[in-house]
Every structure is written in structure tokens, then in C-alpha cells.
Amino acid sequence: MKFIAPSILSADFSRLGEEISAVENAGADWIHIDVMDGRFVPNLTYGPIIVQAAKASCRLDLDVHLMIEKPDGLIPDFVTAGADLISVHAEACTHLNRTIHLIRDLGARPGVALNPATPLSAIEWVLEDLDFVLIMSVNPGFGGQAFIENSLDKIRALKQIITQRGLSTLIQIDGGVNGKTIATIADAGVDSFVAGSAIFGSADYRATIADFRDKIKGNAKARD
């Protein structure tokens, strides 16, 4: 199964609950929530209270991406607020294995995010413990950036490792996902697609998500 995860970073926050309900009704699978601390990335967004509000606005899984330093202290708060999946950055964790198991022990599904310049070797010894790996195809911190093309090589290499090890780990991508790029991204082996401005900036959320799915399925048929 392929998952479409609209990022509320690009939503209209003056009516956030309506926006989340709208993408749920339009066929989204997860709601992606980008948490930034102004230190690990040069932007500041929101905390557990927004996760709690999102939980009250939909029935979808909440996919919380922690772009923050020292995430361990806040992970329990995000799980309590309603996070179903939590990804942390390998670059931000002193003891990555411990952080991953903290997320799982609290009842959420753990993932690790890798910045564009971070090699796959950063997760070599924890890959078996992960539900998903988030490949950043832009430098984190802001929405609406252009896709970094060599991210496709990283995705293909990761997919090969997952297959060789016989794992069920999902590959997620965040950054520059839109109607022009999604087919190529899907072909590289991605399972979960985070899209912000491409969905929330469109005139018809349902049509945009349907177009994404058509292009993903079309690419799968072409491979067959």
C-alpha cells in the first residue's frame, strides 16, 4: 500500500481543523506534522498542542516529524497528544537506538529521518528496529522547496538494503513531492509521500490526491 501524507505546514492555520478534515475526506492516509525548534532547523513551528488538535479533527494516523534537538524529552508529550508515528533525525540523536526504542515502548511507530547529506550508514545498525525511514529530499526547515535529484539514488540504495535484509520497513519521502515528481519518486521505491504545498496549495484536494494515486499506480503498472 502507498500512503499519501499531507503536511499541515502548508495548511491554512486560521482554519486548521477544517483543513485536516478536508484532506481526510479527499483521500489522505496520514496527516504529517512537522515540528521544528528553531535550533536544529532555522524555523519554529508548533508543539504537542497542535498534535492534540489534529487528533480531534480526524481519524487518520498522525505522522509527527521531529526536527528538533534532544527529542527524547518531548517524545512522551507527543505520544500522549496522539502521535501514531514519530520520526527523529539521526543527526539530532546522541543515542539513536535508545530514542527509537523509547518511541516504540510508548506505543508509537518509530522512524528515522535523514537529511540530504546524511549517508544511509547512519541507520545501518538500527534499520531492523524501524517502521519507516524518512528520506529528506530538501534541506529541512521550510516548505515549498525544489526536489534534490540525487535523493532518488539514496532511495534506490535503501530499497535494495531493505529487500536484501527481508525487512518490511517503509520508505517515506519529504520535500518537493508534486504531480511532476511523484511518479519518478514512486518508481524509486517510496511507500509514503509527504506533500504540503502541492496539496494544500491546490484548488481541489481530492483531485490532487487522486492524481497522485493515478501516477503512482501508473508507474507500478509500467514496471509490471
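The model is predicted. Helices α1 and α2 pack against each other, T99 is a buried residue, and K70 is an exposed one.

**Helices α1 and α2**

- Helix α1 spans residues 16–25 and helix α2 spans residues 48–57.
- The two helices pack at an angle of about 50°, and their axes lie 9 Å apart.
- This angle makes α1 oblique to α2, because angles that are not roughly parallel, antiparallel or perpendicular count as oblique.
- The crossing of α1 past α2 is right-handed.
- On the α1 side, the contact is made by L16, G17, I20, S21 and E24.
- On the α2 side, I50, A54 and S57 take part.
- By type, the residues of this contact divide into 4 nonpolar, 3 polar and 1 charged.

**Residue T99**

- T99 sits in helix α4, which covers residues 96–105.
- The relative accessible area of T99 is 1%, so T99 counts as buried, the cut-off for buried being under 20%.
- Leaving aside residues up to four places away in sequence, T99 touches P71, D72, I75, V88 and C93.

**Residue K70**

- K70 lies in the loop between β3 (61–67) and α3 (75–81).
- With a relative accessibility of 71%, K70 counts as exposed, because the cut-off for exposed is over 50%.
- The phi of K70 is near 45°, a positive value in a residue other than glycine.
- Most residues other than glycine have a negative phi.

Terms used
Residues are numbered from 1 along each chain as its sequence is written. This is a predicted model: local features need pLDDT of at least 70, side-chain atom pairs count only at pLDDT 80 or more; totals for chains, interfaces and linings use all residues. Side-chain values use heavy atoms; hydrogens and water are left out. Helices (H or I, at least four residues) and strands (E, at least two) are DSSP runs, numbered from the N terminus. Buried means under 20% relative accessible area, exposed over 50%, partly exposed in between (1.4 Å probe, protein chains only). Contact means heavy atoms within 4.5 Å. Axes are lines fitted to C-alpha atoms, for helices over the stretch in contact, and angles run from 0 to 180 degrees between N-to-C directions. Angles under 35 degrees count as roughly parallel, over 145 as roughly antiparallel, 65 to 115 as roughly perpendicular and the rest as oblique. A crossing is left-handed if the near helix is turned anticlockwise from the far one by less than a right angle, and right-handed if clockwise. Ala, Val, Leu, Ile, Met, Phe, Trp, Tyr, Cys and Pro count as nonpolar, Asp, Glu, Lys and Arg as charged, and the others, Gly among them, as polar.
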